[in-house]
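Here's a quick briefing to read alongside the model.

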Amino acid sequence: MLSNKEKVSYGLGAIGKDMVYMLSASYILYYYQDILGVNAIVMGTILMAARVFDAFNDPLMGILVAKTKTKWGKFRPWLLIGTLLNAVVLVLMFACPPSLSGNGLVAYAAITYILWGVTYTMMDIPFWSMIPAFTQGGKEREGLSTLARSCAGVGSALITVITMMCVMALGKGNELLGFKWFALIVAVLFVLFITWTCVTIQEKSTVKMEAPSVKEMFTSLFKNDQAMTIVITIVLINLSLYITSNLVIYFFKYDFGTEGWYEAFTLFNTFGGAIQILSMMVLYPLLRKKYRSMQIFFGSLIMAILGYITLIVLSFVNMSNVFLLFIPGFLIFAAFGMMTVLTTVFLADTVDYGEVKNHSRDESVIFSMQTFVVKLASGLAAFIVSICLSVCHISSDTNAIVDVTNTINVVGLRLTMGVLPILGLLVAYIFFKKKYILTEEKVAQISAHLQKDRL
């Protein structure tokens, strides 16, 4: 059985890796577009292209890991190497030389971001794939997976809370300098957390890791209709979330904001991040004692939609008090926190379903696909946000707040941040309700059937 020390060390690794991921997913567009002046559409295209490249990079990394044999096992060497390289690239990505401009700046942004994606995959694939190598099956494995996903959510929430506060403090008001030092601190923490994971976790068994090709991933998904349903739902939910996380900083800086806009932004994110963490660690377990998973999931979708509607109304009615934004903030952040946990649980259930339906257990294929679709959602969101910023002319050259609050540009920003996530969540609600059939009774029947077959 896993010791508490092993659980804590793996959870810390998840926190570190998702701190790095959220820093890139939520702030790279802002850093290059608003601070350094790269054209929004160009930057959005770079981010989207890098995610398409990951479609080929992820399976290749899986093959390399599968063929690795060392005294440290097959997973931990790549986990450590990938972490060290990714930490270096992260710092380079947020430490762009001030002398660069024009095509040179675009090339630097493209090269460092693509390298960041490659090195992140280098550590992300073995991090999740190594779970069977040091856990027993059943509840222990499922429990660790859920804990790790929850800890990953904590890492994301922490970055949401502290980034701009730290950037302004470290740079003394200079965002360019602040991002450089903050990225360095996050990179160091990332390396320390993952190193502790590698030292603490011992690969107790030799695991045959299947490394599916792109074709095999999609073939397995097409055969497993329930896995396909969850994957599409994850894309829609994360697309809505990343549109918000990419635009909220522009909302505070150019719409809500004052001279000290980042203080209101930090306060809002602190509240939202705390709610997101509490929803995963406290609210979901409490609700789970009384309600079914499906009920909580649909309730979370409705909560998020109501939150966005409230946000739109407040943005047009009363923008004078950041505390009023806590109302939609609570609904949105709590909902996304619980949905993060639930989609992982639902995805795990589809593995057993696929084994019964197709007589093959495509666990590695399905969870490899989850990593890819989350990256795809972030790339799509960045591209959509870049179009919004370009069409609405939102950038560091935007006029003073008092001059733009009633213009079509800021209205476009508000509607993009509110309406598009609502549409994404509505489609997710309708699609999931129509397609997903794995109720708790159905899952119990499948589990009993598999246990009987294995006797």
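**Helix packing and a few residues to look at**

The axes of helix 9 and helix 15 cross at roughly 165 degrees and come within 9 Å of each other. Since angles over 145 degrees count as roughly antiparallel, helix 9 and helix 15 are therefore roughly antiparallel to each other. Keep in mind that this is a predicted model.

**More on helix 9 and helix 15**

- The crossing of this pair, helix 9 and helix 15, is left-handed.
- Sorted by class, the contact of helix 9 with helix 15 has 20 nonpolar, seven polar and three charged residues.

**The overall picture**

- The protein has 16 helices and zero strands.
- Of the 455 residues in the protein, 58% are buried.
- Take the contacts with a separation of 6 or more: 84% of them are between residues 24 or more positions apart.

**Helix 9 against helix 12**

- Two packed helices are described by the angle between their axes and the distance between the axes.
- For helix 9 (residues 225-256) and helix 12 (residues 326-358), the angle is about 165 degrees and the axes are 8 Å apart.
- That angle makes helix 9 roughly antiparallel to helix 12.
- Helix 9 passes helix 12 in a crossing that is left-handed.
- On the helix 9 side, the contact is made by D225, Q226, A227, I230, V231, I234, I237, S240 and L241.
- Helix 12 brings F336, M339, T343, F346, L347, T350, Y353 and K357 to the contact.
- By class, the contact of helix 9 with helix 12 comes out as 11 nonpolar, four polar and two charged residues.

**Helix 11 against helix 15**

- Helix 11 (residues 293-317) packs with helix 15 (residues 408-435) at an angle of about 160 degrees, and their axes are 10 Å apart.
- Helix 11 is thus roughly antiparallel to helix 15.
- Here too there's a handedness to note: the crossing of helix 11 and helix 15 is left-handed.
- The residues in the contact of helix 11 with helix 15 split into 23 nonpolar, two polar and two charged.
- I309 is one to click on, and it sits in helix 11.
- I309 has 39% relative accessibility, so it counts as partly exposed.
- In sequence I309 and I422 are 113 residues apart, yet in space they are 7.8 Å apart, C-alpha to C-alpha.

- With a relative accessible area of 1%, M338 is buried, because buried means under 20%.
- Setting aside residues up to four places away in sequence, M338 touches S279, L283, Y284, L287, I296, S300 and M303.
- M338 and S293 are 45 residues apart in sequence, and their C-alpha atoms are 10.0 Å apart in space.

**Two residues of helix 6**

- T146 has its place in helix 6, and L158 lies in helix 6 (residues 139-171) as well.
- T146 has a relative accessible area of 23% and is partly exposed.
- Leaving out its neighbours within four places in sequence, T146 is in contact with V341 and V345.
- L158 has a relative accessible area of 33%, which makes it partly exposed.
- The C-alpha atoms of L158 and L23 are separated by 9.9 Å, and these two residues are 135 residues apart along the chain.

- Most residues other than glycine have a negative phi.
- K172 is not a glycine, but has a positive phi of about 50 degrees.
- Where is K172 found? Look in the loop between helix 6 and helix 7 (175-200).
- K172 counts as exposed, because its relative accessibility is 80% and the cut-off for exposed is over 50%.

Notes
Residues numbered from 1 in each chain as written. Predicted model: local features only at pLDDT ≥ 70, side-chain atom pairs only at ≥ 80, totals over all residues. Heavy atoms only, no water. Helix = DSSP H or I, 4+ residues; strand = E, 2+ residues; numbered from the N terminus. Buried < 20%, exposed > 50% of the residue type's maximum accessible area, 1.4 Å probe, protein only. Contact = heavy atoms within 4.5 Å. Axes fitted to C-alpha atoms, helices over the stretch in contact; angles between N-to-C directions. Parallel < 35°, antiparallel > 145°, perpendicular 65-115°, else oblique. Left-handed = near helix turned anticlockwise from the far one by under 90°. Nonpolar A, V, L, I, M, F, W, Y, C, P; charged D, E, K, R; others polar.
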